[in-house]
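Look at the model first.

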Amino acid sequence: MLMRTDPFRELDRLAQQLMGPGTWSKPSAMPMDAYREGDEYVVAFDIPGVTADAIEIDVERNMLTVKAERRPAAKADDVQMELSERPLGVFSRQIVLADTLDTEHIQADYDAGVLTLRIPIAERAKPRKISIGVGSRHKEISG
């Protein structure tokens, strides 16, 4: 028998039961981190227990959509569930990407339940030097 020590976990479980599992028309949210690393924008999604073939990644214009489905594990007929806290169903997240990102070259990697997307910064958005011509002399300004 399992003992629970967190009194709020039961409230979270009840809230999840009331809302029901995520469906394709009304998916649940998935947690994520987003940060810039050098010349890339990195977005990491937590979706443990999901197989790579149950993940969809779409980009339309500047809208990135990630959907994943966690399906129930097959159980034998003689198994009696004592506790079920891991949510099942469909999870989704949409992000509006800036025009300064190169959506043609997104790389996706899925490892240990974390989907990591690496989106390069577009060349036009990187800092560059512009030379200014004054008569016959040129002066460089970095910006």
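Two strands pair if DSSP finds at least two bridges between them. Strands are DSSP runs of E with at least two residues, numbered from the N terminus. This is a predicted model, in which local features need pLDDT of at least 70, side-chain atom pairs count only at pLDDT 80 or more, and totals for chains, interfaces and linings use all residues. Residues are numbered from 1 along each chain as its sequence is written, and side-chain values use heavy atoms, leaving out hydrogens and water.

Q: Over how many bridges do β2 and β3 pair?
A: Strand β3 covers residues 40-46. Its pairing with β2 is antiparallel. E37 faces E40 of β3. The bridges between β2 and β3 number six.

Q: Which strands stand at the edges of the antiparallel open sheet?
A: The order there is β2-β3-β8-β7. An edge strand has a single partner, so one side is left without a neighbour in the sheet. Those strands are β2 (32-37) and β7 (107-111).

Q: What is the bridge partner of S28 in β6?
A: The mixed open sheet runs β1-β6-β5-β4. Two bridges join β1 to β6 (residues 89-96), in parallel. In β6, S28 has as its partner F91.

Q: How far from R70 is the nearest side chain of opposite charge?
A: R70 lies in strand β5 (residues 63-70). R70 is buried, meaning under 20% relative accessible area with a 1.4 Å probe, protein chains only.

How values were computed:
Helix = DSSP H or I, 4+ residues; strand = E, 2+ residues; numbered from the N terminus. Buried < 20%, exposed > 50% of the residue type's maximum accessible area, 1.4 Å probe, protein only. Lys, Arg positive; Asp, Glu negative; His and termini not counted. Salt bridge = Lys/Arg side-chain N within 4 Å of Asp/Glu carboxyl O.
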